[in-house]
Amino acid sequence: MSLLAHPAEDPSTTRTTGATHHARVSAATGEDPAESPASEPADSRTYLLNNGTAERYRGAVTESVERVTAKIAATDRPFTGISVDGLTPAVAAIDLEAPLHDPAAALDELEDVYLRDAVYFHHPRYLAHLNCPVVIPALVGEAVLSAVNSSLDTWDQSAGGTLIERRLIDWTARRIGLGERADGIFTSGGSQSNLQAMLLARDEACRRELTREGARTAARRADVLPRLRILTSECSHFSIQKSATLLGMGPESVISVRCDENRRIRTTDLAAELARCHRDGLIPMAVVATAGTTDFGSIDPLPEIADLCARHDAWMHVDAAYGCGLLVSRRRELLTGIERADSVTVDYHKSFFQPVSSSAILVRDHATLRHVTYHADYLNPRRMAEKRIPNQVDKSIQTTRRFDALKLWLTLRTMGAKAVGELFDEVIDRAADAWKLLHDDPRFEVVVEPQLSTLVFRYVPSADRDPQLSDRVNLHAREALFASGDAIVAGTVVDGRHYLKFTLLNPETTLEDIATVLDLIAEHAGSYLAEQPEPALSAR
Ligand SMILES: *Cc1c(COP(=O)(O)O)cnc(C)c1O
């Protein structure tokens, strides 16, 4: 396939005075440039996408799609198992000062430094993190959005993209049930959504505190900040701590509340912590509930948390980065109570099968988004807001921003929300079956029965062996499996002990795949144990 334009259709080759010998030859003969020695530079401008180079663009992108197609069709394992040391020299050897001047050659090279050894999430034995296989309509969206390259910060850089994004925000808010005043914005991911939610909660708490005290005292923001507290479960995502730090709050500002045996926040403990804040003159600025913890997929009791937030005048944030897929699934009722949140994080790039990045923050009251509204004369002057020109930058902590919403738009317009929900339901069903498998298998022990699609478990060597050995066995099994490339599983720590984790997000992963991976883990564990000293000799 020719990467360059069909000569008759590519005015750039004739228009451009600096067209190289190489480009001329290709244009004249229609030969694949990859077959001719490609080293001389083409005119720089022929690389720019415009009306003169549209065919060249088609050729180059089609070629890349062909290669990825071949790759995806042929992957027989999620990973080659290459090590950091194995791959580093190939990448280091590339001379970035010596361009290839040939898209096909650049793709050939990419095979060696990336494509061959990439981790492929679409493979049914990729069971590690919250990475989903992606739906094709979203990939079509990705191709369109990067080529048109709208920036969603202002209407004058986006037009229809702005309206599409707003429709999807409204659609999501309606699915959540946030009410008529709801609004939100697409973000780069759950971490950014959580950060923005904490920023809004902080500034709302400051505003309320200052207006409350302002009448009597000369309270300043600087006096309020050290008294703010965020309450969240010990199983919540680390981006909450990170957000607090980024927002200038100390480590003491995040109160970690204990979970029950199903890894859901203990609401009695939460109530006690809220009361303690009150006693100590602290301000519970936000309670962060997790709808789908990263490790266990556990969903905090949202209605009880909503009651507590109402009683203590605390902002309720629901981190549904993982659990948001329930919004379109037949298990929607698992999210009951989410409609009472002040803000919600959703990661379409997790349970909506969207490519990275695609995420949003939703808020109950659009007015709270003013805490991120700043005006620049050159971009979004105040008069534009007065004229009701929709500048999305007024609601975002980013400025230049991708039109990620297009992927979800084409997904909903092509396959529909119900079909997305069915995919998520399928992996939840699979996790339930896999739990039974693990539960009945004496080689393993599993922590909780899943609400969503993760399983935290470990290989148990035998009852009379020491816990450190059990840790080492599981760490070894995970690493050995990764190095084999046969499957990829995650690891985590529960109550100080090392465990393994499956995150199921691929409906193509069968129970048989899972059984195979368990056998592989047991094999790696077994060979590790075989190399250990006798139990009687091992240190206790
Ligand atoms: C993944 C995850 C996040 C972070 O989202 P990113 O998109 O990775 O930034 C936040 N919260 C929870 C519960 C998550 O699972």
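Two strands count as paired if DSSP finds at least two bridges between them, and the strands themselves (E, at least two residues), like the helices (H or I, at least four), are DSSP runs numbered from the N terminus. The structure is a predicted model, in which local features need pLDDT of at least 70 and side-chain atom pairs count only at pLDDT 80 or more, while totals for chains, interfaces and linings use all residues. Residues are numbered from 1 along each chain as its sequence is written, and side-chain values use heavy atoms, with hydrogens and water left out.

**Exercise 1. Work out how β1 is held in its sheet, and which strands stand at the edges.**

Step 1. Two bridges join β1 to strand β11 (residues 488–494), and the two run parallel; Y126 stands opposite I488 in β11.

Step 2. The open sheet has five strands in the order β1-β11-β12-β10-β9, with mixed pairing. β1 (126–127) and β9 (444–446) stand at the edges, each with a single partner strand, so one side of each is left without a neighbour in the sheet.

Step 3. Contact here means heavy atoms within 4.5 Å, and angles run from 0 to 180 degrees between N-to-C directions of axes fitted to C-alpha atoms, for helices over the stretch in contact. Helix α16 (residues 417–439) lies across β9 and β10 (454–459), at about 15° to β10, whereas helix α17 (residues 467–484) lies across β10, β11 and β12 (497–503), at about 35° to β12.

**Exercise 2. Describe the sheet that has the order β2-β8-β7-β6-β5-β3-β4.**

Step 1. This open sheet is formed by seven strands, and its pairing is mixed. Because β2 (183–187) and β4 (254–257) stand at the edges with a single partner strand each, one side of each is left without a neighbour in the sheet.

Step 2. Inside the order, five bridges join strand β3 (residues 228–233) to strand β5 (residues 283–290), which run parallel, and R229 has P284 in β5 as its bridge partner.

**Exercise 3. Find which residues are closest to the ligand, and which polar atoms face its oxygen atoms.**

Step 1. Counting a residue as near if one of its heavy atoms lies within 4 Å, 14 residues surround the ligand, the closest being G190, S191, D319, D347 and K350.

Step 2. Oxygen atoms of the ligand lie 2.8 Å from a polar backbone atom of G190, 2.9 Å from a polar side-chain atom of T294 and 2.8 Å from a polar side-chain atom of H349.

Step 3. Two or more residues of the shell come from each of α8 (190–214) and α13 (348–351), and α8 gives the most, with three residues.

Definitions and conventions
A polar contact is a pair of N or O atoms within 3.5 Å; within protein, one must be able to donate a hydrogen and the other to accept it, and residues adjacent in sequence count only if both atoms are side-chain atoms.
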